[in-house]
Amino acid sequence: MSTGLLTLIILALATFGMVAGRARAVASAGGDIRRLHSLPTFYGRFAALLAAVPAFLLVIVWLLAQPVFIENRALSLISPADIPQGSSDTLVMSDVRRIAGGLDQLAARGADLAPLVTDAPALKAALNAAGVALQNEPAPSVIAAAQALRAMQSTSRLIMTGVALVLAVAGLGWGLSRVRPEFRARNATESFSMWLLIGCSLVAVLTTVGIVASLVFETAHFFRLYPAKDFFFSTTWNPQFRGGSSLGIWPLVWGTLYVSAIALVVAVPVGLMSAVYLAEYASKKTRSWVKPAIEILAGIPTIVYGLFALITVGPLLRDWIAQPAGLGDSSSSVMTAGLVMGIMVIPFVSSLSDDIINAVPQSLRDGSLGLGATPSETVRQVVLPAALPGIVGAVLLAASRAIGETMIVVMGAGAAAKLSLNPFEAMTTVTVKIVSQLTGDTEFASPETLVAFALGLTLFTLTLGLNILALYIVRKYREQYE
Amino acid sequence: MSGSLFTQDARTKARNAAERRFRTYGLGAIILALLALVWLLISIFSAGLPAFRQTFITFPVKLEESVIDKAGNRDPAAMAKVTTVGYGKLLATALEAEIAAKGIDLAGVPPKEITDLISQESAATLRNMVLADPALIGTTVQFRAIASGRIDGYYKGRVTMESAALDKNTSPEKLRLADNLKAAGLLATSFNLGFLTMPDASDKRPEAAGLGIAIAGSFMMMVVVLVLSLPIGVAASIYLEEFAPKNWFTDLIEVNIANLAAVPSIVYGILGLAIFINFAGLPQSAPIVGGLVLTLMTLPRIIIPTRAALKAVPPSIRDAALGVGASRLQTVFHHVLPLAMPGILTGMIIGLAQALGETAPLLLIGMVAFVRDFPGGLFDPAAALPVQVYNWTQRGDPGFVERASGAIIVLLIFLIIMNTAAIILRRKFERRW
Amino acid sequence: MKDLVMETRVDAQTVKIEARKAQVFYGQNHAIKDVDVDILDKTVTAFIGPSGCGKSTFLRCLNRMNDTIPGCRVEGKITLEGEDIYDARVDPVQLRAKVGMVFQKPNPFPKSIYDNVAYGPKIHGLTRNKAELDEVVEACLRKAALWNEVKDRLQTPGTGLSGGQQQRLCIARAIATSPEVLLMDEPCSALDPIATAQVEELIDELRSQFSVVIVTHSMQQAARVSQRTAFFHLGNLVEYGETGQIFTNPRDPRTESYITGRIG
């Protein structure tokens, strides 16, 4: 039975519970619903929830856990000799999965599988015909594992369907059996709903756990294959897909910081001065259209900035500055990416700074103006120092944004890992390398691929640290004037 | 200080000059930011608008039964055996015949190379046309072939006689022949609907590349994001805003949400790759995985405005409902939630718009793959609008720059529509308590 | 500067600020109507009246702090020592250095006590070097009766002082630019009675050097600190004269009702 059909059956049972629970409640009260503790619908909802929720939870958990258990069992069937040189468990397992999937397709078409599973060349041919391309003829133990996988999958599926249906029916029965006038159905359904609400807010926590777990787990895997010392202290980045790579993080960190620094050099003065002008000088009318207009910059997807860097800014900088000055002839460069990223980050600096400058009490401005200070003296000597912590927070948030930005650097900064000071040279960043190491058909268990997770963990830690620091500073600052 | 108020001393003059300079810097910063925005938009639009126009060459093609269906029994399997090469020859002969019939000057183009004027994709288009409607065989149809990338570029100013002289894919003679065809009414440039409906095309055929699959894929992902993140986001916000007790656990969730909103999007891509693809075994390039990843990314960005909308509903409404004996949950679902709904929907639309433009996480879950077939469901391979842009920028042919910029215009139009909807919603239902 | 002080001391009744037919509008709202008033030098002048009568608005006109409020317009003539302060040639920055202001709520800058007082002299360039600045700061803090309390912690933040000390710091800050007139907008309304007494005592001492204009809600305070009193009602200046005369023998019935507590 397919999962979709199972879902439909459970939903049907729940709907039945809804109607039957309601009817039973009305009947138990002798038709006078004032005798019921709760409205009749609550009795229906109670039965429906009991029928559907436990069954669905079971299905979800089962579907998530099933591959792990079954594939481990299937993997144990493969003899180590059948794992080719230079390959790994995961690669062989993906073959097993594809063969199993192909066999399913063949079975669905009514093909006789019995002769195929003993004859590797025929199997390969049949699978190819079914659209499942295999590189070489599968070893007998691999075929056996695929067969075992299929068998276990169908058994597991059968058990899951059975258990889920039993749970649904049992829940339905129990829910209906509890329908009595004095039963507090509303309270019961509401506490049930409350748990549902709590469960939804836990998604955020689970996401974080998922991020941290996947990063840490794969990073640990990476450090088993590649010495952590070389990763953290080597200054060369030179992945070789034949092995013997140098995977030092420093050239990438340097590129990231260089690009982000240029972005901030562009964005902080422009953003801060715009915020000051909007908060202190601009008329209400000007403010009402300029502020949203600048914020459009934050709403434009980063791919647009990436394309802008690639087709406009890069060639422009190359033809007008880098080449005439003899600084290089690459259109992707740290300067290109930094400049464009700076434009992107302007609204992050200006919006937050604007809020923060507005939070500085008017009495301080009055005090300063009342002493005969000009508005700019007031801004520079009273307002900005008072707002400084908040502005630092805004700049840190912008920095974290710049460090984690991907598309602009992928399209604008280049791919060469270099430790150079020339901003018109192509360099690369942590995010660019995460993309380049994880896209394309690469073997998943090699250090060259796994290094992306170590890079991801570095990036995550760095941006998280900056965010927490920034939020802490901004919050402290807000408290000061509340 | 004792001087007259009517005369400014030197120091005051200097201070006022500093004041004017400071103001100018502020104004300059704003103008700079706005100019950057205008520059960005002009650059993208000027590069991308030509993608919406396309040069076509229209001529009659006799669909020879002897070529397409040798057996003459209209057997689909046998007909499918005829490859695009066969149809290509058909087109070449037909075009050559038409040129000869109209007496158009070949401008020095060898007859064998006339076919270079039309896209290689045309043969496949013709083949699909015939396979879909075998009754056409033996008749003569007026066929509108896409002109090749270089010819198309010539009429958009991308290719010139000088650049054509250096280009091995075309020659000045062919451009002149194209001009002759245009004079004879065979060649014309018109609106390019195919850009929005056709699938991607291979590296050598920018003129045939379209956004059909990317739009379909993006649409599917948005449906997944909407279906998952609206209920989960609203439920989480309701819990945190209305029910959560003040304790370490609630704090943990709140800190979590604040930080997740600022986690770089590429990290969500890594999460998707590790959990959904490697661990749960979901297929690569599938809209379901993209949708899940974008949902996780969008959730915190939806929860924050949703909570603000709930908070904006005054406590007096809650007191009134609780006062007539409604339970806390009834109060929220009957009174608070409907009142907060416009704010929630506005936040939701803006969150969706952000998700629509997101690229980096989708690169990691395989959405860069070259997909030619429209996805039949959430588990089939598909492309996505922003990823398609990236994909096209990685190709060699300059025609793809135009396509990529055109795709961005499509993306921006979707975003403008969504944001306008959000603004209208906010204006229409905004309430001041 | 010092010469001027010497000169004016000869005639204590010199008119410092003169307002004739002064009008203030906030957009359409006519907030101050036809006010004629002469503020004397070396005198404390109190503006009293019910809330919203325009006394603070008028005070803010005297050093053009109203300029910072959008939509505010002043008509009529207000002169400082015979020079129209709303003349196009007048730079409000220079005017405000001559007409200092102390606000309702103590508003020390989030800087050190020293920097708070030194702020005015620094921006106006009144001192040539650090030693002179130190002198000015000490002198002003002494005049504000704050020196003994803060002399050991001049580098600590001004925001860390008590409310009364903060308000005296603001007064010290205001007199550091050597103004000729000191405007005080309800300077004691945020203070407790003890701090109020200290500030009132200080105001009385300041009279020897400045012309002080104080807006107050408290009639007792007006009676205690001022020599002349102006009563405002609904944007009109109802009565202006010697404080003693206003409180004991008001000429206008509205003044009398206010003083006896019937309107307010």
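Of chain A's 482 residues, 50% count as buried, meaning under 20% relative accessible area with a 1.4 Å probe and protein chains only. This is a predicted model, where local features need pLDDT of at least 70, side-chain atom pairs count only at pLDDT 80 or more, and totals for chains, interfaces and linings use all residues. Side-chain values use heavy atoms, with hydrogens and water left out.

Chain A carries 16 helices and two strands; these are DSSP runs, H or I of at least four residues for helices and E of at least two for strands. With a radius of gyration of 31 Å, well over the 23 Å from the globule rule for 482 residues, chain A is more spread out than a compact globule. That radius is taken over C-alpha atoms, and the rule is 2.2 Å times the number of residues to the power 0.38.

Now for the cores, sets of buried Ala, Val, Leu, Ile, Met, Phe, Trp, Tyr and Cys joined through side-chain atoms within 4.5 Å.

| Nonpolar core | Size | Residues |
|---|---|---|
| Largest | 236 residues | Ile434(A) and Leu141(C), with the most contacts inside it |
| Second, separate | 38 residues | including Ala94(B), Ile99(B), Ile137(B) and Leu187(B) |

Leaving aside neighbours within four places in sequence, Leu141(C) touches Ile113(C), Trp147(C) and Leu169(C), among others; contact here means heavy atoms within 4.5 Å.

Over in chain B, helix α17 (residues 385–393) is mostly covered, with nine of its nine residues buried. Among them are Pro386(B), Tyr390(B) and Trp392(B).

Terms used:
Residues numbered from 1 in each chain as written. Chains lettered and ligands numbered in written order.
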